[in-house]
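Subject: Structure handover

Hello,

Here is the structure I promised to pass on. Please open it alongside this message; my notes follow below.

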Amino acid sequence: MKALICGVGGQDGAYLAQLLLCKGYKVWGSSRDAQMTEFRNLKRLGLVGQISLCSMAPTDFRSVLSVLTRCEPDEVYFLAGQSSVGLSFEQPVETLESITVGALNMLEAIRFLGGRIKLYHASSSECFGDVGPIPASERTPFHPRSPYAVAKASAHWMVANYREAYGLYACSGLLFNHESPLRPARFVTRKIIDSALRIAGGSDEKLMLGQLAICRDWGWAPEYVDAMWRMLQQDTPADFVIATGVSVSLETFVASVFERVGLDWHEHVVSDAQFFRPSDIGWSQGDASLAKTCLGWHAHITMPELASRLVDEVRAQ
C-alpha cells in the first residue's frame, strides 16, 4: 500500500507517517517546499529517510495533479492548510484559500485520475461552534465561529458533495482538540507547558492567557491518527467525530500542568483581555460513539493523564 500525507511536517502528519510505516506502507509526504522545510517533527520521531518527500502547493491544481501522478497513492491524507484558529482572524484570506481551495484541488485531481484513490480530509470540531454542554455528533449542525472554522466547514461539505456526486471514496474526520509534544509553541497547550517548565526552572515570568473558563475536549494525538487510518479501511466512506467525550476547562488544564511541575498556578497565571478572540467557543465536547461502533476506536487518554504525559515528554526533549 502507498499513502500520500499532505502536510507531513505537522503534528498529525508525523504521527500518521509513523503509524503507516509500522503497518508496512510506502509513505510519501508533501509540504509546500520539501527542500527548504526542516521537518523537525519527522526528525524527532526518527522518520527521516524512511519517507519519500515532495513539494506540493495545494492551492495549485497542476502541482496537486503532478504529485498524485508521481506518487500513485492508494490513500491520501489531506492534512495541509493553515492550522491555527487564532491566526485565522489575522490571516482570513490565506486561511480560506489554503483550506478550501486545497481540498477542492485534491478532490478534482482524484476525480480526474479516475477516482480510485481513497481520501481522508481533516475536518474539524471547530465547525460545530458553541453547542453548549451537549456533545456534538455527526448529526450536529455546523455553526462556525472563526475564519478557520468557516473554511473547514466549506471543505467538509465539498468532500461530502464529491462523495455523493462522483462516487469518490472521500471522508472527513471531525477531530476535536488533540495534543502532543510535537505541537508548536503558538498552540495554547504548548504555550502553557513551556511557561510552566520555565517558571519551575526559576523564571519569574507570568503566563498570559485569554479566557480560562472555555472548555475543550482534549485527546492524545497519536490515538487520533489511528482513527484517520481506520476511516479509510471501511467498505464505504463516512464522516466521523473523533473525541474523548470528556470536556474540561482551560483553567483545569492549566492547574494540572502546574501541579505536575510542583507549582500553584494561581501565583503565575494571568487572564488578559488582549488574548481574547473576536468570537470564541465556550464549550466543546464530542460524541464519538459512532466511531466506537463502526471503527472500533475510542480514546484511552484523557485529562489529567494527558497533561501529565505532555509535561513529562516535553521536559524530556
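**Starting point: A153**

A153 sits in helix α6, which spans residues 147-166. Keep in mind that this is a predicted model. A153 is buried, at 8% relative accessibility. What does A153 touch, once neighbours within four places in sequence are left aside? The contacts are C127, F142 and P144. There is also a C-alpha distance to note here: A153 and S124 are 29 residues apart along the chain, and their C-alpha atoms are separated by 7.9 Å.

**The whole chain**

Now the overall picture. The protein chain has 11 helices and 13 strands. Its C-alpha atoms fill a box of roughly 60 × 40 × 40 Å along the principal axes. The radius of gyration is 19 Å, which agrees with the value near 20 Å that a compact globule of 317 residues would have.

How much of the chain is buried? Of the 317 residues, 55% count as such. The accessible surface comes to about 13,600 Å². Carbon and sulfur atoms account for 51% of that surface.

Contacts reach across the sequence. Take those between residues at least 6 apart in sequence: 80% of them join residues at least 24 apart.

On charge, the chain carries 29 positive and 34 negative charges. The mean positions of the two sets are 5 Å apart.

**Salt bridges**

How many salt bridges turn up in a search of the whole structure? The search finds 14. Three of them are worth a look on screen.

Begin with D226 and R230. Their closest N and O atoms are 2.6 Å apart. Both residues belong to helix α8, residues 221-231. They are four residues apart there, so about one helical turn separates them. Are the two partners buried or partly exposed? D226 is buried, with a relative accessible area of 16%. R230 is partly exposed, at 24%.

Next, R260 and D312. This salt bridge is also listed at 2.6 Å, N to O. R260 is in helix α9 (residues 250-260) and D312 is in helix α11 (residues 305-316), so the pair ties together parts that are 52 residues apart in sequence. Both ends are partly exposed: R260 has a relative accessible area of 40%, and D312 has 28%.

D312 has another partner, R315. Here the closest N and O atoms are 3.3 Å apart. The two are three residues apart in helix α11, so about one helical turn lies between them. R315 is partly exposed too, at 44% relative accessibility.

Put together, R260, D312 and R315 form a linked network of salt bridges.

**More on R260**

Which residues does R260 contact, leaving aside neighbours within four places in sequence? They are S308, V311, D312 and R315. A307 is another residue to check: R260 and A307 are 47 residues apart in sequence, and their C-alpha atoms are 8.0 Å apart in space.

**Two more sites**

S249 lies in strand β12, residues 248-249. S249 is buried, with a relative accessible area of 16%. Beyond its neighbours within four places in sequence, S249 is in contact with L212, A213, I214, C215 and W218.

D235 is in the loop between α8 and β11, the latter being residues 240-242. Is D235 buried or exposed? At 78% relative accessibility, D235 counts as exposed. D235 and R186 are 49 residues apart along the chain. Their C-alpha atoms are separated by 38 Å.

**Where to look**

For a quick tour, start with A153 in α6. Move on to the D226 and R230 salt bridge. Finish with S249 in β12 and D235 in its loop.

Best wishes

Methods. Residues numbered from 1 in each chain as written. Predicted model: local features only at pLDDT ≥ 70, side-chain atom pairs only at ≥ 80, totals over all residues. Heavy atoms only, no water. Rg over C-alpha atoms; globule rule 2.2 N^0.38 Å. Buried < 20%, exposed > 50% of the residue type's maximum accessible area, 1.4 Å probe, protein only. Contact = heavy atoms within 4.5 Å. Areas by Shrake-Rupley, 256 points an atom, 1.4 Å probe, with all protein chains shown as cover. Lys, Arg positive; Asp, Glu negative; His and termini not counted. Charge placed at Lys NZ, Arg CZ, Asp CG, Glu CD. Salt bridge = Lys/Arg side-chain N within 4 Å of Asp/Glu carboxyl O.
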